[in-house]
Amino acid sequence: MSIGTFTVRPLDPLEDAGLLHRWVTDPKAAFWMMQDARLQDVEREYMRIAAHEHHHAYLGLHDGEPSFLMEKYDPRYVELVGLYDPEPGDVGMHFLVAPTDRPLHGFTRAVITAVMEALFADPDTRRVVVEPDVTNKAVHALNEAVGFAPVREIDKPEKRALLSFCTREQFVAARGVAV
């Protein structure tokens, strides 16, 4: 059974700020670390990302409706500078699923799969890099389900993180189908 169609579009920091504000301040988004953000803080953060050459934000749609946030970054310049040795083709990723009153079984796994497909759609992407909080066990399980392998814990200014990598080959093996 298909869970539906997923697409992504570039985030509009001003138009989408109200929606994002509701998402990032929801109690389920605690690991996003914007619980106390005001609308203007969200606008400012995503305007900063929109202006950054090496960091991009996308609004994810499920059957045409906004349902997740995806960030893509170059770890040579953003988030992980000096914390590991990037390889050619490394792409960093964050994702956040919108809060809902009607959870759909398998939805979050379908979202991370769609995010990974979008990243690997670029032939230059060889490996996806993530750095979730070490205590975020739910996302560790999701990451593992799509092929990520934990490498080591690292100390970022805002958190202790679990550095993990997923190559195209690991993603394909985890899915059982070619990308």
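Two strands pair if DSSP finds at least two bridges between them. The legends below describe close-up views of a predicted model.

**View 1. Pairing of strands S1 and S2.**
Strand S1 (residues 6-10) runs antiparallel to S2, and five bridges join the two. Within this pairing, Thr7 has Leu61 of S2 as its bridge partner. Strand S2 spans residues 55-62 and is mostly covered, with seven of its eight residues buried.

**View 2. The hairpin of strands S2 and S3.**
S2 is also joined to S3, by eight bridges and in the antiparallel sense. Across this pairing, Ala57 stands opposite Glu71 of S3. The two strands form a hairpin, with two residues between S2 and S3. Asp63 lies in the turn and has a positive phi of about 50°.

Through its side chain, Asp74 makes a polar contact with the side chain of Arg76, at 2.6 Å.

**View 3. The stacked pair Phe120 and Phe171.**
There are four aromatic pairs in the structure. In the pair shown here, the ring centres of Phe120 and Phe171 are 5.7 Å apart and the ring planes lie at 25°, so the pair is stacked; planes under 30 degrees apart fall in that class. Distant parts of the chain are linked by this pair, since Phe120 is in helix H3 (residues 107-120) and Phe171 is in helix H5 (residues 168-175), 51 residues apart. Phe120 counts as buried because its relative accessibility is 2%. Phe171, at 0% relative accessibility, is buried as well.

**View 4. The cluster of Phe6, Phe68 and Phe107.**
Phe6, Phe68 and Phe107 are linked into a cluster by ring pairs.

**View 5. Arg127 over the ring of Phe165.**
This view shows a charge and a ring. The charged end of Arg127 sits over the ring of Phe165, and its distance from the centre of that ring is 3.7 Å.

How values were computed. Residues numbered from 1 in each chain as written. Predicted model: local features only at pLDDT ≥ 70, side-chain atom pairs only at ≥ 80, totals over all residues. Heavy atoms only, no water. Polar contact = N/O pair within 3.5 Å; in protein donor to acceptor, adjacent residues only side chain to side chain. Phe/Tyr/Trp six-rings, centres within 6.5 Å; stacked < 30°, edge-to-face > 60°. Helix = DSSP H or I, 4+ residues; strand = E, 2+ residues; numbered from the N terminus. Buried < 20%, exposed > 50% of the residue type's maximum accessible area, 1.4 Å probe, protein only. Lys NZ or Arg CZ within 6 Å of the ring centre and 35° of its normal.
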